[in-house]
Amino acid sequence: MKRAFVDLHLRLNSKDPTATTRAIQKSAALGYTLISVPSNPQTHPEETEQLRNLCKTAGLDFASRIDLRPRNQNELLVLLRKFRRKFEVVCTLCESKEVARQAAKDRRVDLLNFPLLDYRDRFFDRAEAELASNGLATLEIDVKPLLVLEGPARVRLLSCLRREIQVAKDYHMPVVVSSGVSNLMLLRKPREMAALASLFSLEGVSALEAVSQNPLTIVRRNREKLSGSFVAPGIRLIKEGTDC
Amino acid sequence: MKRIKRRYLALQLDSECVPSQKEFMDAVWGAVTKLYGEYGASLTSFALIHYDAQEKLAVLRTNLAAMDNVRTALASITSVTGKEAAVHVLAVSGTIKALHAQLKA
C-alpha cells in the first residue's frame with residue numbers, strides 16, 4: 001500500500017490568502033496527503049474552515065491543530081479543558097519543566113514541542129519520556145532549524161536531537177518529524193524530510209514512519225474521538241433506536 | 001574485484017535564478033562537505049552526468065553506499081549562488097535508461 005505522508009506543522013499566514021494557497025498547492029505537489037497549520041487560542045474558527053476548504057480544493061486532507069503555550073501547569077489544564085474537543089491535534093510548547101511534565105502525562109496532549117534554539121530549555125529527558133510513554137504524547141521535531149542554522153549552532157542542535165531520539169527510542173515513544181517552515185523554499189518532500197532525520201539517528205523505516213504513520217495515527221485517533229459515535233476507546237455507537 | 005554499485009539521481013532545482021552548471025555543482029559540493037566533511041564527500045564519488053539549466057534538471061551519479069548521505073546533503077541545500085533554492089529528488093535508478101523511463105512515467 002502506498003504511504004500517506006503528513007506534515008503537521010506548516011506555518012502559514014492565514015491573512016495572506018495568495019501565499020497560503022501557494023503553500024498548500026506546493027505541499028500537494030511535493031507529495032503530502034495531509035497537512036496541519038497551527039492555530040493559537042485567539043484564532044477564529046472561520047480561518048480554520050477557510051484553510052480546510054483551500055486544502056480540499058488542492059486535494060489535500062487538513063487537520064486542525066492548536067499550539068498551546070502555557071506559563072504553568074494550571075494554565076495548561078485550563079487550556080486543554082477549553083480546546084481539546086475543538087481541535088484534531090493539540091500541541092504543547094514546553095517552555096518550563098513544570099509544563100513539560102504535565103503535558104507528558106496528560107492523555108489529552110498529542111505533541112510535545114520543545115524550544116529548538118535554547119538547549120537549556122529542552123526538558124526532554126528520561127523522566128519526561130517515561131511519563132510520555134505511559135500517556136499518548138509524541139515528540140515533535142521541526143526540521144526548519146536544521147536548514148536555517150549553520151556551523152556550531154547546527155552541530156549543537158544535532159547532538160541534542162540525537163540524544164533525545166535515543167531517549168525516545170529507549171522508552172518506545174513515537175516521534176513526529178514536521179517541517180515547521182513558513183518559507184516556501186524551505187519545504188521539502190517527505191522522503192527528503194526522512195533523509196534529514198537520519199542526521200539525528202532516526203533512520204530507515206523509523207524516519208519514514210515519523211513523516212507518515214505516526215502523525216497519521218494521531219489524527220485518526222482524534223478524529224474518532226471527536227466523531228459523534230465515539231463512546232470510549234474501542235466502543236462506538238453503531239445504531240440508535242428502540243429496536244436495539 | 002567486487003563491482004561498485006552506482007545510483008543515478010534525477011534532480012529538480014527549485015529556484016528563481018538560473019544557475020550555471022558550475023554554480024549548481026558548487027552548491028551540491030558545499031552541502032556535502034558542510035555536512036560530512038571532505039572525507040565523507042570523497043566517499044560519495046559523485047559526478048554530474050547531465051545538467052539542463054533552462055529546465056533546471058540535473059542527473060547525478062553516486063555510490064549506492066553513500067546515497068543516503070547524498071540525499072540528506074541535497075535536502076539541506078537552501079541557496080545556490082546566494083539566492084534561495086531547494087533541490088528535490090525526482091527519481092532514483094540503477095541505470096540512466098531506467099531513470100529516463102521513470103521520469104517519463
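## Terms and basis of the model

Two strands are said to pair if DSSP finds at least two bridges between them, and the strands themselves (E, at least two residues), like the helices (H or I, at least four), are DSSP runs numbered from the N terminus. The structure is a predicted model, in which local features need pLDDT of at least 70 and side-chain atom pairs count only at pLDDT 80 or more, while totals for chains, interfaces and linings use all residues. Residues are numbered from 1 along each chain as its sequence is written, chains are lettered from A and ligands numbered from 1 in the order in which they are written, and side-chain values use heavy atoms, with hydrogens and water left out.

## Strand pairing in chain B

Strand β1 of chain B (residues 6–15) runs antiparallel to strand β3 of chain B (residues 57–63), and seven bridges join the two. β1(B) also pairs in the antiparallel sense with strand β5 of chain B (residues 83–93), here over eight bridges.

## Chain B as a whole

Chain B holds three helices and five strands, and its elements follow the order β-α-β-β-α-β-β-α from the N terminus on. Its radius of gyration, 13 Å, is close to the 13 Å that the globule rule gives for 105 residues, so chain B is as compact as a globular protein of that length; the radius is taken over C-alpha atoms, and the rule is 2.2 Å times the number of residues to the power 0.38. Taken along the principal axes, the C-alpha atoms of chain B fill a box of roughly 45 × 35 × 20 Å.

Of the 105 residues in chain B, 43% are buried, where buried means under 20% relative accessible area, exposed means over 50%, and partly exposed lies in between (1.4 Å probe, protein chains only). Among contacts (heavy atoms within 4.5 Å) in chain B between residues at least 6 apart in sequence, 68% join residues at least 24 apart. Chain B exposes about 5800 Å², of which carbon and sulfur atoms supply 51%; such areas come from the Shrake-Rupley method with a 1.4 Å probe, and for residues only the protein chains shown count as cover. The mean positions of the 13 positive and 9 negative charges of chain B are 14 Å apart, with Lys and Arg counted as positive, Asp and Glu as negative, and His and the chain ends not counted, and with each charge placed at NZ of Lys, CZ of Arg, CG of Asp or CD of Glu.

## Chain A as a whole

Chain A contains 10 helices and nine strands. With a radius of gyration of 18 Å, close to the 18 Å that the globule rule gives for 244 residues, chain A is as compact as a globular protein of that length, and its C-alpha trace spans about 70 × 40 × 40 Å along the principal axes. Buried residues make up 50% of the 244 residues, and residues 24 or more positions apart account for 73% of the contacts in chain A with a separation of 6 or more.

The accessible surface of chain A comes to about 11900 Å², and 51% of this belongs to carbon and sulfur atoms. Chain A has 39 positive and 29 negative side chains, the centres of the two sets lying 2 Å apart.

## Helix α8 of chain A

Seven of the eight residues of helix α8 of chain A (residues 190–197) are buried, so this helix is largely enclosed by the rest of the structure. The buried residues of α8(A) include A:Glu192, A:Met193 and A:Leu196. The elements against which the buried residues of α8(A) pack are α1, α6 (144–148), β7 (175–178) and α9 (204–210) of chain A, together with α2 (67–75) and β5 of chain B.

## Residues with positive phi

Most residues other than glycine have a negative phi. A:His172, in the loop between α7 (151–170) and β7 of chain A, has a positive phi near 55° and counts as exposed at 73% relative accessibility. B:Thr81, in the loop between β4 (79–80) and β5 of chain B, has a positive phi near 50° and is partly exposed, with a relative accessible area of 41%.

## Two further sites in chain A

A:Asn13 is found in the loop between β1 (6–7) and α1 (17–30) of chain A and counts as partly exposed at 48% relative accessibility. The C-alpha atoms of A:Asn13 and A:Ser182 are separated by 8.0 Å, although the two residues are 169 residues apart along the chain.
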